[in-house]
Amino acid sequence: MSTVDWTGWRRQAGEPEAEGLRERKKRLMRQRLSDTATEMFLERGFDGVRVSQIAQACGVSEKTVFNYFPTKESLVLDLGETTMAALRTGLAVPGRSPVDAVLRILSDELHGMTSWIAEQDDPAQAVAMIRRFRELTRSTPSLRAYHRDMTDRLIGVAAEVLAQRTGMSPDDPEPQIAATALLGLWPIQFRSLGKHLEGVRTPEQVHETVTADVRRAAKLIETGLASFKALGEPPLPRPATHPEQEQGMPTR
């Protein structure tokens, strides 16, 4: 028997404080379906497992699986909705900068993983499980495409909330580039985590080192986003041009 409950690191959110029996049953079934599917994918490959086989392993119908997960890919990449909800809430907090809101979300997600590693009897095996999961998602074209689509959805949500803070449209270029920059911090964290999990650091040291990398990246966008409240101002005037330039004539 494995000494690692490898599915635990993917469950970053604890049980809701107020949850009825029906909601709890639905949450546990969703969790069971995702955990079982991921385990089967890691063992046989994503394309080597059918949804009907996952349903059979869980004792439910294939229709039940799709009632919880709209696609096969969402069975394994199921945390996007959690991040989306966190973005909607965190970015809307008055007085909190967009960078600070995103850093808090990233820190919570990182803490969920590193604390899970620390709880395992065999941390080295736990890290190996995470590497296998990362390799699965990176080596499967449909999972990569699903991840890109989810990232686009997250950018859209972030742009929507940021636009509301400034009275702008989510389609305006300023909320769009701000949201894109903020979501770019997630790949920084994932790459840093993969890099530092390879060493002999403790989970606490990994958390500290990865956080430092993410904050270094955040500094590059913090200055621009600190003035986000001014984005509702009229656009800057176009630079004056020389008459000959306007006519397409060369100037000296």
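This is a predicted model: local features need pLDDT of at least 70, side-chain atom pairs count only at pLDDT 80 or more; totals for chains, interfaces and linings use all residues.
Figure 1. The protein holds eleven helices and zero strands, where helices (H or I, at least four residues) and strands (E, at least two) are DSSP runs numbered from the N terminus. Residues are numbered from 1 along each chain as its sequence is written. Local features need pLDDT of at least 70 and side-chain atom pairs count only at pLDDT 80 or more, while totals for chains, interfaces and linings use all residues; side-chain values use heavy atoms, with hydrogens and water left out.

**Figure 2. Burial and surface of the protein.** Of the 252 residues, 38% are buried, that is, under 20% relative accessible area, with exposed meaning over 50% and partly exposed in between (1.4 Å probe, protein chains only). The protein exposes about 15100 Å², of which carbon and sulfur atoms supply 52%; accessible areas come from the Shrake-Rupley method with a 1.4 Å probe, and for residues only the protein chains shown count as cover.

**Figure 3. The packing of helices α4 and α5.** Two packed helices are described by the angle between their axes and the distance between the axes. The axes of α4 (residues 80-90) and α5 (residues 98-119) come within 9 Å and cross at roughly 145°. Axes are lines fitted to C-alpha atoms, for helices over the stretch in contact, and angles run from 0 to 180 degrees between N-to-C directions. On the side of α4 the contact is made by T83, A86, L87 and G90, and on the side of α5 by A101, V102, I105 and E109; contact means heavy atoms within 4.5 Å. These residues divide into five nonpolar, two polar and one charged (Ala, Val, Leu, Ile, Met, Phe, Trp, Tyr, Cys and Pro count as nonpolar, Asp, Glu, Lys and Arg as charged, and the others, Gly among them, as polar).

**Figure 4. Helix α7 and its cover.** The 26 residues of α7 (residues 141-166) should span 38 Å at 1.5 Å a residue, which agrees with the 38 Å between its end C-alpha atoms; the expected span is 1.5 Å times one less than the number of residues. Buried residues of α7 include L143, Y146, M150, L154 and I155. Their cover includes α4, α5, α6 (123-139) and α8 (173-183). After α7 comes G167, whose phi is positive, near 70°.

**Figure 5. The surroundings of L193.** L193 lies in helix α9 (residues 185-196) and counts as buried because its relative accessibility is 7%. Leaving aside neighbours within four places in sequence, L193 is in contact with L110, M113, V206 and V210. The C-alpha atoms of L193 and D213 are separated by 9.5 Å.
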